[in-house]
Amino acid sequence: QVQLVESGGGLVQAGGSLRLSCAASGRTFSSHHMGWFRQAPGKEREFVAAISRTGGGTYYADSVKGRFTISRDNAKNTVYLQMNSLEPEDTDVYYCAGRSALYYSGCCVNSREYAYWGQGTQVTVFS
């Protein structure tokens, strides 16, 4: 069982940066690939970025490539999403999620493959 708690969301002007963190409880964090998704009210949950359990593989949605960076620290049971050059279109609730490496390999965009989810953190970008 993995419990996830996001933090770091907030209000930021367009062009600014935010760093989201997702702290995981449990001893199996390093056996899970991790991902970030985002969702606006009334819309489908959208893949943002993912990272393999070792951190050796990273994947990004085209809309954030070159602006966002996902990373993880398995010693701290934490995954991060560094968001730079933020745009108003990035406004959403951001969720981190865990996907077991026992059952899945490779990428990573299908939210149904993720068994564990955080409660979400709001990111609002104003122009």
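**View 1. Aspartate 92 and what surrounds this residue.** Aspartate 92 touches Arg38, Gln39, Ala40, Glu46, Thr121, Gln122 and Val123, leaving out residues up to four places away in sequence (contact means heavy atoms within 4.5 Å). What we're looking at is a predicted model, where local features need pLDDT of at least 70, side-chain atom pairs count only at pLDDT 80 or more, and totals for chains, interfaces and linings use all residues. Residues are numbered from 1 along each chain as its sequence is written, and side-chain values use heavy atoms, with hydrogens and water left out. Aspartate 92 sits in strand 9 (residues 92-100); strands here are DSSP runs of E, at least two residues, numbered from the N terminus. Aspartate 92 is buried at a relative accessible area of 8% (buried is under 20%, exposed over 50%, partly exposed in between, with a 1.4 Å probe and protein chains only). Its side chain reaches the backbone nitrogen of alanine 40 at 2.9 Å. That's a polar contact: a pair of N or O atoms within 3.5 Å, where within protein one must be able to donate a hydrogen and the other to accept it, and residues adjacent in sequence count only if both atoms are side-chain atoms.

**View 2. Arginine 72, a buried arginine in strand 7.** Arginine 72 belongs to strand 7 (residues 68-73) and has a relative accessible area of 13%, so this residue counts as buried. Where does its side chain go? One backbone oxygen that the side chain of arginine 72 reaches is that of histidine 32, at 2.9 Å. The backbone oxygen of arginine 53 lies 3.4 Å from a polar atom of the arginine 72 side chain. Neighbours within four places aside, the contacts of arginine 72 include Phe29, His33, Met34, Ile51, Gly55 and Tyr80.

**View 3. The largest nonpolar core.** This core has 32 residues, and Trp36, Leu81, Met83 and Tyr94 have the most contacts inside it. (A nonpolar core is a set of buried Ala, Val, Leu, Ile, Met, Phe, Trp, Tyr and Cys residues joined through side-chain atoms within 4.5 Å.) Among the strands that each supply at least two residues are strand 3 (18-25), strand 8 (78-83) and strand 11 (121-126). Strand 5 gives the most, with 5 residues. As for tyrosine 94, its contacts beyond four places in sequence include Leu20, Trp36, Val48, Phe68, Leu81 and Met83.

**View 4. Rings around phenylalanine 37.** Phe37, Phe47, Tyr114 and Trp117 form one aromatic cluster. Rings of Phe, Tyr and Trp (its six-membered ring) pair if their centres lie within 6.5 Å; planes under 30 degrees apart count as stacked, over 60 as edge-to-face and the rest as tilted. The count comes to 4 aromatic pairs. Phenylalanine 37 and tyrosine 114 pair edge-to-face, 5.0 Å centre to centre with 80° between the planes. Phenylalanine 37 is in strand 4 and tyrosine 114 in the loop between strand 9 and strand 10 (116-117), so this pair ties together parts 77 residues apart in sequence. Phenylalanine 37 is buried at 0% relative accessible area, and tyrosine 114 is buried too, at 4%. With tryptophan 117, phenylalanine 37 makes a tilted pair, centres 5.1 Å apart and planes at 55°.

**View 5. Arginines over rings.** Arginine 45 lies over the face of tryptophan 117, 4.6 Å from the ring centre. A charge sits over a ring if NZ of Lys or CZ of Arg is within 6 Å of the ring centre and within 35 degrees of the ring normal. Tryptophan 117 is partly exposed, at 27% relative accessibility. Arginine 19 lies over the face of tyrosine 80, at 4.0 Å from the ring centre.

Note on methods
Helix = DSSP H or I, 4+ residues; strand = E, 2+ residues; numbered from the N terminus.
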